[in-house]
There are 2 protein chains.
Amino acid sequence: MKLYEFERAPNPRRVRFFIAEKGIDLASIERIQIDIGGGENRAAEFRQMNPMGTVPVLELDDGTALSETMAICRYFEGNHPEPALLGQSVIEQATIEMWNRRMEFNLLLPVAMAFRHTTGHFSDRENVFPDYGSDCGQSAQRMFDFLNDHLADNDYIAGRQFSVADITAVVSIDFARVIKMRLDPDKHARLIDWHERISARPAASV
Amino acid sequence: MKLYEFERAPNPRRVRFFIAEKGIDLASIERIQIDIGGGENRAAEFRQMNPMGTVPVLELDDGTALSETMAICRYFEGNHPEPALLGQSVIEQATIEMWNRRMEFNLLLPVAMAFRHTTGHFSDRENVFPDYGSDCGQSAQRMFDFLNDHLADNDYIAGRQFSVADITAVVSIDFARVIKMRLDPDKHARLIDWHERISARPAASV
């Protein structure tokens with residue numbers, strides 16, 4: 001089994017975090033770094049594995065290439081059900097899916113758009129719209145405020161239990177530092193407390 | 001059970017399509033139209049159910065409110081496993097998740113961004129960046145071309161079986177007509193053939 005990734009990018013970190021929470025030894029998976037900055041993910045060889053040109057990609061021993069972060073997570077959840085990170089009962093699964101998607105569409109996506117469109121990091125390969133990027137940064141800021149309120153009644157993003165939604169959220173917040181977005185101790189005390197708890201988990205550092 | 005929706009919007013259609021494919025009688029679910037144009041989804045009452053302000057929302061009989069299209073679909077998949085639309089084996093589930101996400105992030109999202117940013121339909125509530133919208137429209141066009149090639153070797157988006165990925169894709173392509181994006185008979189013969197097959201399913205019209 002091989003994991004094609006780019007260590008500093010947020011989506012590969014989500015997958016590593018997920019795998020480590022499952023208690024799977026990451027050293028048992030061969031990890032291959034793809035040079036995103038150099039465009040290796042857009043080369044024909046990589047696109048044969050993932051025509052969308054994104055990392056991470058998990059290559060199974062039979063050659064099957066799985067891409068999309070949550071598809072890879074679902075593969076590990078299916079083969080290593082404990083501890084459940086996508087929920088057990090039907091209502092738990094639906095609730096975690098809801099919160100994980102809120103974190104993806106209302107936090108990670110705006111942070112990523114703010115990064116791409118304000119820094120122009122990928123301007124060699126995509127058109128860049130700085131005003132749109134700034135607007136996305138403001139959306140992400142509003143989500144920080146929302147989450148701080150949300151955590152008044154919830155220990156974790158999806159409620160009472162740690163789940164993939166916490167992984168997506170913490171990775172998004174950490175990645176936002178690249179565009180100088182930081183949690184504000186005056187406004188985000190609860191979010192900072194949650195962030196410290198999640199960051200203290202051993203899997204947060206892999 | 002109540003479904004809060006806006007009939008013409010793409011995400012509510014994905015949920016109706018999914019429910020009907022399960023053989024569930026849509027008439028057994030009370031459907032409540034939310035006036036998106038008039039901003040009813042942003043009012044305090046609606047935000048109590050879904051703070052993100054999006055439709056669809058499924059309200060269960062105990063008052064639990066589930067939002068996010070795929071969370072609602074997962075709820076129905078869990079309670080009505082047949083026919084499976086999210087896959088059965090672990091590898092099927094991961095493969096369908098991968099393809100559904102490709103349809104969401106590389107097709108539905110750019111179509112939706114092109115709609116919002118080129119038409120200014122929601123300019124009373126969000127900043128609008130027309131050049132970004134045009135760029136998203138071009139991304140969606142490239143996905144039409146990609147899917148036409150992909151269908152040379154696959155009967156359905158995720159391979160050999162109909163799945164939620166076909167629902168997401170067909171709903172996205174139909175919604176793209178609002179911004180005058182249409183399949184091109186000279187370039188998209190296979191995609192048009194697939195589109196006709198999917199559109200002929202009774203659930204496509206609910």
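## Ile167(A) and its neighbours

Leaving aside residues up to four places away in sequence, Ile167(A) touches Arg14(A), Phe17(A), Phe18(A), Glu21(A) and Phe162(A). This picture comes from a predicted model. Ile167(A) is part of helix α6 of chain A, which spans residues 164-175. Is Ile167(A) buried or exposed? With a relative accessible area of 0%, Ile167(A) is buried, because the cut-off for that class is under 20%.

Along the sequence, 154 residues separate Ile167(A) from Arg13(A), yet their C-alpha atoms are 9.0 Å apart in space.

## Where the two domains of chain A meet

Chain A is divided into two domains, with domain 1 covering 2-79 and domain 2 covering 90-205. How many residues of domain 1 of chain A are in contact with domain 2 of chain A? There are 15 on the domain 1 side, and they meet 18 residues of domain 2.

Between them, the two domains of chain A bury about 1500 Å². Carbon and sulfur atoms give 61% of that area. On the domain 1 side, Arg13(A), Arg14(A) and Phe17(A) lose the most area to domain 2 of chain A, and together they make up 41% of what that side buries.

## What the UniProt record says

The UniProt entry, which is unreviewed, places "domain: GST N-terminal" at residues 1-84 of chain A. In the model, that stretch of chain A is 35% helix and 17% strand. Its end C-alpha atoms are 22 Å apart.

The unreviewed entry also lists "domain: GST C-terminal", at residues 89-206 of chain A. Here the chain is 63% helix and 0% strand. The end C-alpha atoms of residues 89-206 of chain A are 29 Å apart.

## Two glycines in chain A

Gly63(A) sits in a loop of chain A, between β3 (57-59) and β4 (65-67). Its relative accessibility is 41%, so Gly63(A) counts as partly exposed. If you look from there towards Asp184(A), 121 residues away along the chain, the two C-alpha atoms are separated by 46 Å.

Gly78(A) belongs to helix α3 of chain A, residues 69-79. Gly78(A) also counts as partly exposed, because its relative accessibility is 36%. Between Gly78(A) and Val206(A) there are 128 residues in sequence and 22 Å in space, C-alpha to C-alpha.

## Positive phi angles in chain A

Some backbone angles are worth a look on your screen. Glu68(A) has a phi near 75°, a positive value in a residue other than glycine. Glu68(A) lies in the loop between β4 and α3 of chain A. At 13% relative accessibility, Glu68(A) counts as buried.

Lys180(A) is not a glycine either, and its phi is positive at about 65°. You can find Lys180(A) in the loop of chain A that runs between α6 and α7 (189-199). Is Lys180(A) buried or exposed? Lys180(A) is exposed, since its relative accessible area is 71%.

## A parallel strand pair in chain B

Turning to chain B, strand β1 (residues 2-5) and strand β2 (residues 30-33) pair in the parallel sense, over four bridges. Which residue of β2(B) is the bridge partner of Tyr4(B)? The partner is Ile32(B). To get from β1(B) to β2(B), the chain passes through helix α1 (residues 10-21) of chain B, and this β-α-β crossover is right-handed.

As background for reading such a pair, side chains in a regular strand alternate between the two faces of the sheet.

## Cis peptide bonds in chain B

The bond from Val55(B) to Pro56(B) is cis, with omega near 5°. Pro56(B) is found in the loop between α2 (44-49) and β3 (57-59) of chain B.

The bond from Glu82(B) to Pro83(B) is cis as well, and its omega is near -15°. Where is Pro83(B)? Its place is in the loop between α3 (69-79) and α4 (90-119) of chain B.

Terms used:
Residues are numbered from 1 along each chain as its sequence is written. Chains are lettered from A and ligands numbered from 1 in the order in which they are written. This is a predicted model: local features need pLDDT of at least 70, side-chain atom pairs count only at pLDDT 80 or more; totals for chains, interfaces and linings use all residues. Side-chain values use heavy atoms; hydrogens and water are left out. UniProt positions are given in the numbering used here, feature names are shortened, and annotations may be inferred rather than shown by experiment. Buried means under 20% relative accessible area, exposed over 50%, partly exposed in between (1.4 Å probe, protein chains only). Two strands pair if DSSP finds at least two bridges between them. A crossover is right-handed if, with the strands pointing away from the viewer, the path from the first strand over the helix to the second runs clockwise. Domain bounds come from an automatic or database domain assignment. Contact means heavy atoms within 4.5 Å. Buried area is the accessible area (1.4 Å probe) that two parts lose on being put together, summed over both.
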